[in-house]
Amino acid sequence: MHNKEQIQLEKLLDLLILEASEKLSQQQREELNSLLDVFPEYTPDYFHKTTALAQVGFYLEDDFNNETLPLHIRKKILYRQKQELGQSTVFDYLNHFMRTLFYKPQYAWALTVLLTIGLSFSMIEFKNYESNYRYLPLKKIVMERTADDLIQYPWHSRTNDLGPVNGDIVWSDQEQKGFIQIAGLPMNNPNENQYQIWIIDPLKYGKPVDGGIFDVDRTDKAIIIPINPKLPISKAVGFAITLEQPGGVVVSSEPLLLTAPKERPQNTYPKVSI
Amino acid sequence: MSQSVGNKTEARKEYLLLMSTDNTDSILKLIAKGEDRAFNLLIEKYGNLVWSIGRKFLYKESDVEDAVQEVFIAIWKAAEKFDHTKASEVTFISMIARRRFIDYLRKVSKYRNLQSIDEDNGQELFKESILNESTDLQLIKDAIGTLEIEDQELLKLSIYQGYSHSEIAKLLNIPLGTVKTRIRRNLIKLKGLFDIKQQATVIELNNA
């Protein structure tokens, strides 16, 4: 064998060993292919079996080898096989999802953060009386049964523009909450105006306190609206409803539509010293 | 000390498990026949081996996890091509595993993979191999035993531990050329021993 040929053969063998044991670069692979053309008796997998057997041999001789296939990987492999067979079910998918979630710490942390955020929003939502419109009839009943200082007045129309209006208001100073129930108020267009609740607390405030805004989107049956005072109420003595600009106002100049009770009790007016 | 004894016991169990394959009813044959529990048995028997090889090749745990799944699916798909007269089960599995891990190594290293396991589909892998299952493992153990201790260590670092030649040169503080020459010389020697055994088996089979 000529010297040049010998050098080429050694280079080919080195590349074949690399091919069997580590990654080849694009350049090395091109060089390997051209050398295989020179020595057609060699194949790209020339050392594959030798290295594979040697790998197993070293593995068996390694007394300190204690690598064990983790159980969750075993389950993932079985799941992958089921997928390949088209036999995976929704239950398998959920199982796989949960396993992935709990065996990848970053996923578990992300889920924890999401749950915490979700829970926080839920708590805020729950506490946010204005926006919490779920289970209102039940909540109203519960308050009516449990509040010690419950006051309840029927609504009275203060304008001839309205048709017959029915309903009432319940309120508890201790709980700082209440509900109005109304049937007969005309539907409003929220883009143009909204109904606003006012709470009369003359002992603490000279002006009515904003009790929140609401919309009437149906007339076929009574609606229940939670009262959401913007300021702490010491002793509510009366309530009113006006129609205001969208979002409501701080101080109203609009006519009263409904009041409860019909007239504000006389003993709640400030005493005028003579 | 007890740790070492424990590891040796486990290694022995592993060895016996791998040596216990019955040629006529190998797990791969059972998979090819469509036996329900065969794939489970495959993972049971070769899971630790494949996982161990993967851990040597790939550094990131998530890469090993993904690659090991791919290896088992590849073995499962190639099971019907397994021929015990041409290669032992453990050889077949180890070859597919190594090829897959090297492919994966290329993929995660952003090297273009020109010849993946999918292309040769397992068909060309064993065309030269007609080693007998029961003698394969003993053969490789004996063959490695004929090498000098230093050469065994070099091969172990390269083939088993997955170090590149340049990494070995740095690790052992010897020239890269020396590493290449010694690994080349010893792999050729091992291959020669296998080829002699292969020819003997051919004669044995022809005389049978």
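View 1. Strands here are DSSP runs of E, at least two residues, numbered from the N terminus, and two of them pair if DSSP finds at least two bridges between them. This is a predicted model, where local features need pLDDT of at least 70 and side-chain atom pairs count only at 80 or more, while totals for chains, interfaces and linings use all residues. Residues are numbered from 1 along each chain as its sequence is written, with chains lettered from A and ligands numbered from 1 in the order in which they are written.

**View 2. Strands E3 and E4 of chain A.** E3 (residues 166-172) and E4 (residues 177-183) of chain A run antiparallel, joined by 7 bridges. Look for A:Val170, whose bridge partner in E4(A) is A:Phe179.

**View 3. Helices H3 and H4 of chain B.** Chain B has 10 helices and 0 strands; helices are DSSP runs of H or I, at least four residues. H3 (residues 38-57) and H4 (residues 61-78) of chain B pack at about 135 degrees, axes 10 Å apart. The axes are lines fitted to C-alpha atoms over the stretch in contact, and angles run from 0 to 180 degrees between N-to-C directions.
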